[in-house]
Amino acid sequence: MGPASKKNKKKRPSFRKLLKTSNLKLENKQKNRQFKQQSSAKKHRKEQRKLHQAITDVTHQTLKPLERYKTKRVGEEEEDEEEFLESLPIDMLEEDDLEEIKAMAQKASFLTRDLSSCAPVHAKKRKSDQPVETYEKMPRKRQQNEEKELIHLLPLKDKRGLIPQSMEKPVVPEAEEEEETKDQDQMEQQELVSTPSLTPQEQLELRTQKLMERKLRIASLASAILADPHANIKKLKEMRAMLMETDPCVAVTVRKLVMVSLMEVFKDIVPSYRIRPLTEAEKATKVKKDTQQLREFEEGLVSQYKFYLENLEQTVKDWKQKKQKGSQAVSLQCYKGLAEVAIRCICELLVALPHFNFHNNIIVMVVPLMNDPIRKVSEMCCEAVRKMLKQDKLGQASLAAVKVISGMIKSRNYDVKPEVLKTLLCLRIKEVDMKKDTEDTAPKKKFMTFKEKRKSLSRMQRKWKKAEETLQKELLEAEASESKDKKIKMHTETLNIVFLIYFRILKKAHKSILLPSVLEGLAKFAHLINLEFFDDLLAVLHSLIMSGDLTYRESLHCILTSFHILSGQGDVLNIDPLKFYSHLYKTLLTLHAGGANEDSAIVLQCLDVMLTRRRKQVTLQRAQAFVKRLSTLSLHTLPDSTVGILAANRTLMHTFPKCDILLDNEMQGSGVYLPELDEPEYCNPQNTSLWELHLLKTHYHPMVRKYAVHLMVGAPSEGSGALNMELGRRTPVQLFEDYSVKDMTFNPPVAGPPSKKKEHLVIGHAFLDSDLKRLTDAALQTDFTEHTVMDIMGCKLE
């Protein structure tokens with residue numbers, strides 16, 4: 001039953017095949033055929049008119065015969081014969097020849113015949129002939145009735161049966177047809193002549209008038225549809241027909257207005273459920289009038305929505321292919337503007353109607369445009385997909401989008417924009433089924449067996465239990481689609497496809513520009529990866545870091561991904577990621593200090609995952625080494641990064657209370673602090689102090705001064721040196737974002753209380769690069785007091 005039913009099932013046609021055989025194309029072909037027939041008929045009529053005019057000109061002219069011979073009297077005939085004989089050369093003729101010539105002259109010839117007469121040449125008049133006989137012998141002209149075209153009407157049904165009906169088609173006289181065609185030709189000529197004769201001001205006024213008429217028409221149709229969608233659903237077709245505006249003066253503007261208006265109309269009248277096609281049995285059954293009206297409304301809505309999407313897709317396709325239409329109403333230069341409006345409408349429908357029909361077809365249209373070379377188009381589509389993924393609660397639309405994105409990336413051989421992969425970070429996946437397969441996530445309910453009921457329940461209780469179980473079974477069968485098990489199943493399948501994309505890129509295209517997006521995605525969803533892949537994934541990430549091919553941000557993403565893996569399910573694994581600690585400790589001082597730095601946020605996230613969340617696996621020496629290096633780093637970063645680093649130090653001092661020994665000048669053990677050593681465990685951080693705080697307490701930025709003073713007194717939670725409640729609850733990453741420096745200006749510092757977002761966008765007394773280098777080299781060699789550092793800088797900090 002299973003394989004046979006699979007073979008018998010026909011594949012549903014795709015959206016592109018439906019587009020090829022759509023009624024719209026058939027209507028366009030029929031219209032083109034009619035236009036060709038009309039043009040050929042018009043040419044034929046013009047030729048007939050010319051031929052008819054030539055014939056009438058010839059018939060009105062008077063015919064001039066070669067010679068006219070009037071009837072003459074007997075005496076005159078004799079005189080003429082004598083003159084004729086005298087003119088002939090009789091001397092040279094013989095008598096026999098002369099007699100033959102005279103006989104021929106008496107007979108009728110073509111020279112003496114009247115051309116206008118119809119009588120035979122040698123007809124002899126007989127007295128016996130009667131006029132009746134000649135009349136009967138003449139051919140008769142019969143009146144030929146022209147066959148008239150019949151229009152077949154609907155038949156009537158009687159007791160006797162069906163009675164066919166027909167009527168004659170009204171015939172327009174040729175004279176009227178000629179007049180109509182002449183009038184049309186004259187009108188066309190007048191339009192052609194009158195249009196260029198308008199001044200630019202008149203042409204602008206004419207365009208404004210036409211545009212206002214179209215706007216009023218669109219507004220009236222849209223308001224009628226929104227007022228009563230069920231009764232005015234047919235007006236959607238009239239409104240959609242305006243997408244084919246042919247007036248070159250207003251065609252582009254009208255089409256844009258109609259696209260946007262139809263989008264808003266569909267967003268308002270579309271129901272909150274998916275409309276399925278009716279079966280043959282449902283169509284055959286009789287239903288109530290209200291139900292029939294609802295069915296007609298749904299059928300018309302789905303068909304018009306489909307045609308509207310086809311028009312939008314065809315507009316984008318014409319722009320991509322630069323395909324010039326035959327109507328010439330819109331030039332090729334205007335295709336880009338039309339296509340951008342069409343793409344905007346498609347993106348709006350993608351976000352607004354994820355539950356309605358053809359949503360998967362919209363995803364198929366939008367996803368390839370995410371990688372469009374035009375930045376405006378790609379950003380518009382990526383933003384729409386991000387909104388859709390954030391709003392999708394069930395996961396059905398997200399699953400469809402991820403499938404299409406995976407297919408596009410594979411088909412283009414991983415040559416896509418990083419923004420395409422960054423959209424996957426908006427997936428709302430927090431829980432997946434890791435123990436079972438995705439096919440075994442159907443809801444299951446255990447019911448008591450008959451023996452268990454008989455042992456523990458009475459007869460009445462068994463009766464009630466049976467009714468209760470029957471009701472529960474019915475509820476499970478009719479359970480809503482938003483059930484938790486179905487959602488987990490969707491999320492599991494989606495996440496499998498996402499990891500498939502990431503692992504393919506790590507394996508085959510690890511040197512592409514997609515690697516940072518892949519590592520960022522793995523860092524977000526690493527806690528949902530199956531334990532079987534942990535060892536291999538950590539090995540791949542470490543090899544990428546050690547290869548040296550990665551940028552600083554990519555290596556930070558690798559570290560963050562590794563610790564996300566180990567902080568989730570990886571807690572059960574006995575893995576010591578010391579090499580990742582060493583790499584971060586070594587590369588901290590290479591953090592860019594010449595401008596606004598986005599890598600600081602990733603560094604702060606790494607510190608939180610590596611030290612704060614894994615406090616039980618981190619030694620005290622490692623924590624002290626990171627606190628000391630972060631303090632050194634805070635001297636040559638911008639104020640936003642410095643505030644975040646000091647907040648991270650505050651968190652570490654709360655997490656590891658014994659780090660307060662760094663605030664004391666006395667040495668706490670043997671050895672000397674080795675700041676150039678890249679191993680945090682063996683650099684003896686307990687033998688140094690946080691002298692950098694003395695510099696930072698005189699910083700020009702008020703928030704840096706506040707945090708430096710707070711750390712100098714031991715970062716207390718209560719008392720005079722404690723921070724206020726609002727600042728104490730902010731995380732280092734949040735503080736970095738609050739005081740991020742986006743635009744650097746060298747204005748004087750602003751006095752007054754700091755604001756939360758973009759408080760001071762000034763650099764103030766900025767350190768020079770050469771001074772930074774001298775300060776860093778000196779700090780690495782030995783410890784200095786506040787005055788020594790200021791002597792090195794050659795300036796006094798206010």
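Glu95, Asp96, Asp97, Glu99 and Glu100 come together as a patch of negative charge on the surface. The structure is a predicted model, in which local features need pLDDT of at least 70 and side-chain atom pairs count only at pLDDT 80 or more, while totals for chains, interfaces and linings use all residues. Residues are numbered from 1 along each chain as its sequence is written, and side-chain values use heavy atoms, with hydrogens and water left out.

Patches consist of residues with over 30% relative accessible area and no salt bridge, like charges being joined within 9 Å and nonpolar side chains (Val, Leu, Ile, Met, Phe, Trp, Tyr) within 5 Å. A salt bridge here is a side-chain nitrogen of Lys or Arg within 4 Å of a carboxyl oxygen of Asp or Glu. Glu99 is exposed, at 55% relative accessible area; exposed stands for over 50%, buried for under 20%, and partly exposed for values in between, with a 1.4 Å probe and protein chains only.

A nonpolar surface patch is formed by Ile151, Leu153 and Met167, which together have about 240 Å² of accessible area, a quantity that comes from the Shrake-Rupley method with a 1.4 Å probe.

Phe358, which is not a glycine, has a phi of about 65°, and it lies in the loop that joins helix H13 (335–352) to helix H14 (359–369). Ala715, likewise not a glycine, has a positive phi of about 55°, and its place is the loop between helix H29 (702–712) and helix H30 (725–729).

| Residue | Relative accessible area | Class |
|---|---|---|
| Phe358 | 16% | buried |
| Ala715 | 3% | buried |

As for the cysteines, the structure holds 0 disulfides, a disulfide being a pair of cysteine sulfur atoms within 2.5 Å. Cys345 is accordingly in no disulfide, and the nearest cysteine sulfur, which belongs to Cys347, is 9.3 Å away. Cys345 is buried, with 1% relative accessible area, whereas Cys249 is partly exposed at 30% relative accessibility.

Note on methods: Helices (H or I, at least four residues) and strands (E, at least two) are DSSP runs, numbered from the N terminus. Lys and Arg count as positive and Asp and Glu as negative; His and the chain ends are not counted. The place of a charge is taken as NZ of Lys, CZ of Arg, CG of Asp or CD of Glu.
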